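Here are my notes on the structure you sent over.

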Amino acid sequence: VLGYEIEVTNVGGSTVQDVQIQDNLPEDVHFVAYQVSNNGGVCIANDLFDPEVICDLGAMQPGESRIIRLTTQVDPAAQPGVITGCSGYLITACPS
């Protein structure tokens, strides 16, 4: 089991709507579960073997932060070694 944390902060001066984050998990790492601080969002993966996890955070006030905690599982058939290559980015955030 591997855990990832992603912190998202609205550093702007106005509320943003429809905040969505995409995280691409490394090869041989599969999404299991998530938790978003303050009950502030929902995360999904298309299926167990899809490395892309999308989290919809909704609206965020100026200065507001949320922490996304992803629980993942390494494929038992994966080659031993170091897991690298996780990347995430903002898909949408619309000012209100």
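1. Helices (H or I, at least four residues) and strands (E, at least two) are DSSP runs, numbered from the N terminus. On that basis the protein chain reads β-β-β-β-β-β-β along the sequence, with 0 helices and 7 strands.

2. This is a predicted model, in which local features need pLDDT of at least 70 and side-chain atom pairs count only at pLDDT 80 or more, while totals for chains, interfaces and linings use all residues. Residues are numbered from 1 along each chain as its sequence is written, and side-chain values use heavy atoms, with hydrogens and water left out.

3. The mean pLDDT (the predictor's confidence in each residue, from 0 to 100) of the protein chain is 83, and 80% of the residues score at least 70. Strand β5 (residues 52-60) has the highest confidence, at a mean of 93, and strand β7 (residues 87-95) the lowest, at 62. Where pLDDT is low, the predicted coordinates should not be read in detail.

4. An open antiparallel sheet is formed by 3 strands in the order β1-β6-β3; strands pair if DSSP finds at least two bridges between them. Its edge strands, β1 (2-9) and β3 (29-36), each pair on one side only. β1 is joined to the antiparallel strand β6 (residues 65-74) by 8 bridges, and L2 has T72 in β6 as its bridge partner.

5. Of the 96 residues in the protein chain, 30% are buried, meaning under 20% relative accessible area with a 1.4 Å probe, protein chains only. Among contacts (heavy atoms within 4.5 Å) between residues at least 6 apart in sequence, 80% join residues at least 24 apart.

Note on methods
Buried means under 20% relative accessible area, exposed over 50%, partly exposed in between (1.4 Å probe, protein chains only).
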